[in-house]
Amino acid sequence: MSDVVSLLNDIRDVGRDPRGPGYMRPGFSSTELNLREWFVGEAQARGLDVEIDHNGITWAWVTAPGENAVVTGSHLDSVPGGGEFDGPLGVASALAAVDQLKADGRLEQLNRPLALAVFPEEEGSRFGVACLGSRLITGVIEPDRALGLKDAEGRTFAEVASEVGLNPDLVGKDKERLSRIGSFLELHVEQGVGLIDIGQPVAIGSSIVGHGRWRFTFAGQGNHAGTTPMTKRADPVVAGSQVIGAIPAVVAGVDGKAVATVGRTILHPGGTNVIASSMDFWLDIRHPDDGVVGAVLRAITQRAQEIGHDLGVEVTVSQESYSATTHFNSAFNQRLQGVLPEAPILDSGAGHDAGILAGFVPSAMLFVRNPTGVSHAPEEACEEDDQRAGVKALADALAMEAGAVSYT
Ligand code: HGY
Ligand code: MN
Ligand code: MN
């Protein structure tokens with residue numbers, strides 16, 4: 001059986017971003033489906049019982065399906081230009097952990113069912129809502145809202161879901177499958193520097209900060225770049241750009257621990273010699289206190305309205321996605337600390353499917369050292385020895401949680 005390093009090597013060239021380094025693996029795209037086929041092939045090669053549910057979540061049962069199962073998994077989609085490990089490390093480590101448990105005879109000791117899971121569209125890079133798959137199965141997002149979500153080409157999730165073999169009439173809360181999960185454990189590359197220089201390759205997750213995404217639309221007056229005096233313009237790009245430029249000071253004025261990012265803009269119609277008629281940007285705000293996220297949003301919105309008023313540009317704001325601050329299950333975390341006594345406890349500035357599931361089933365996370373601390377960029381890294389240390393930690397944690405006698 002291949003180890004985690006060779007498993008990741010198998011998919012290293014799948015979904016590379018054609019525009020430059022990094023990956024482009026949108027949710028429900030042919031790329032994500034190719035990666036899902038890879039996972040299904042690896043799972044079936046291990047004799048696991050694979051099913052893809054109404055929401056596009058892939059389940060691979062190590063034991064016979066059953067109640068109170070221990071489930072581990074992550075995602076295979078990426079952000080545009082994303083790194084190699086965000087998501088796939090957790091999926092490959094889950095497969096490798098099963099190999100390890102089988103090889104050392106611990107699978108037979110388990111007294112709870114064990115399954116692997118792969119959640120689609122975790123990044124929300126295609127339809128705008130983070131963790132779409134885990135939001136659907138838990139009912140956090142209503143099916144109608146999900147089905148009406150549109151991608152950059154204006155394709156609805158309903159259309160795309162049909163294309164990839166899902167029945168739009170069946171997407172949504174899945175009480176039966178959700179009730180089977182007794183514990184959910186997600187291993188993920190650390191998206192930060194918490195594990196650098198402290199001599200530990202694996203950490204236990206304590207929480208995920210509150211984070212949301214809002215779409216700001218600036219509506220001005222399209223016009224000719226050459227015939228419109230500077231004093232006679234209602235230029236949405238000038239307004240939007242001034243707001244973006246104001247963000248660092250506005251955030252600092254509310255709470256220096258908050259983070260706010262504009263990583264995506266769209267100008268319409270986008271001509272070099274054309275004053276745009278509209279500009280959209282997407283704002284990502286995060287803070288451990290949901291109230292502070294709200295205060296930052298209000299402050300930026302107010303600044304945008306002021307700037308829009310001065311420039312004759314209309315500003316509208318709509319929320320796309322919100323994930324409240326999550327504190328992982330303390331009893332599960334204590335059990336993990338019993339297995340991994342050396343592992344530091346880290347909070348996460350990044351969102352995860354485990355953060356959504358944590359509202360419904362005891363959930364926890366393991367983070368594996370990333371020597372660059374960079375993520376959502378090609379420089380994201382994870383040393384091979386640390387990848388293997390993550391698998392050992394995951395295997396021991398799964399053995400413990402599923403009742404094996406000798407779990408280390
Ligand atoms: O955006 C996030 O925090 C995660 O990587 N999806
Ligand atoms: Mn991720
Ligand atoms: Mn991510």
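Trainee: In this predicted model, in which sense do S3 and S4 pair, and over how many bridges?
Mentor: S3 and S4 run beside each other in the parallel sense. One position along this pairing is histidine 75, whose bridge partner in S4 is phenylalanine 119. The count for the S3 and S4 pairing is 6 bridges, in the parallel sense.

Trainee: Which strand pairs with S4 in the antiparallel sense?
Mentor: The pairing in question extends over 4 bridges, and within it leucine 116 of S4 is the bridge partner of alanine 60. The strand that pairs with S4 in this antiparallel sense is S2, residues 58-61.

Trainee: How many residues of S4 are buried?
Mentor: Leu114, Leu116 and Val118 point one way from the strand, while Ala115, Ala117 and Phe119 point the other way, and all are buried. S4 is accordingly described as mostly covered, and the number of its residues that are buried is 6 of 6.

Trainee: Which residues are the protein donors of the manganese ion (ligand 2)?
Mentor: Along the chain the donors of this ion follow the spacing H-x10-D-x101-H. Histidine 75 lies in strand S3 (residues 69-75) and histidine 188 in strand S5 (residues 181-189), so the pair ties together parts that are 113 residues apart in sequence. Both histidine 75 and histidine 188 are buried. At 2.1 to 2.2 Å from the ion, the protein donors are His75 (NE2), Asp86 (OD) and His188 (NE2).

Trainee: Is histidine 376 buried or partly exposed?
Mentor: Glutamate 123 has a relative accessible area of 6% and is therefore buried, since buried means under 20%. Histidine 376 has a relative accessible area of 37%, so this residue is partly exposed.

Trainee: Which strands stand at the edges of the open sheet of 4 strands?
Mentor: The order in this sheet is S9-S11-S7-S12, with antiparallel pairing. Each edge strand has a single partner strand, so one side of each is left without a neighbour in the sheet, and the strands concerned are S9 (259-268) and S12 (314-323).

Trainee: Over how many bridges do strand S7 and strand S11 pair?
Mentor: Alanine 219 stands opposite serine 278 in S11, and helix H8 (residues 236-254) lies across S7, S9 and S11, running at about 15° to S11. Strand S7 (residues 210-219) and strand S11 (residues 278-287) pair in the antiparallel sense, and the count is 10 bridges.

Trainee: What is the radius of gyration of the protein chain?
Mentor: The chain holds 12 helices and 15 strands. Its radius of gyration is close to the value that the globule rule gives for 408 residues, so the chain is as compact as a globular protein of that length, and the value is 22 Å.

How values were computed: Residues numbered from 1 in each chain as written. Chains lettered and ligands numbered in written order. Predicted model: local features only at pLDDT ≥ 70, side-chain atom pairs only at ≥ 80, totals over all residues. Heavy atoms only, no water. Buried < 20%, exposed > 50% of the residue type's maximum accessible area, 1.4 Å probe, protein only. Donors = N, O, S within 2.8 Å, 3.2 Å for Na, K, Ca; no water. Helix = DSSP H or I, 4+ residues; strand = E, 2+ residues; numbered from the N terminus. Pairing = 2+ DSSP bridges. Contact = heavy atoms within 4.5 Å. Axes fitted to C-alpha atoms, helices over the stretch in contact; angles between N-to-C directions. Rg over C-alpha atoms; globule rule 2.2 N^0.38 Å.
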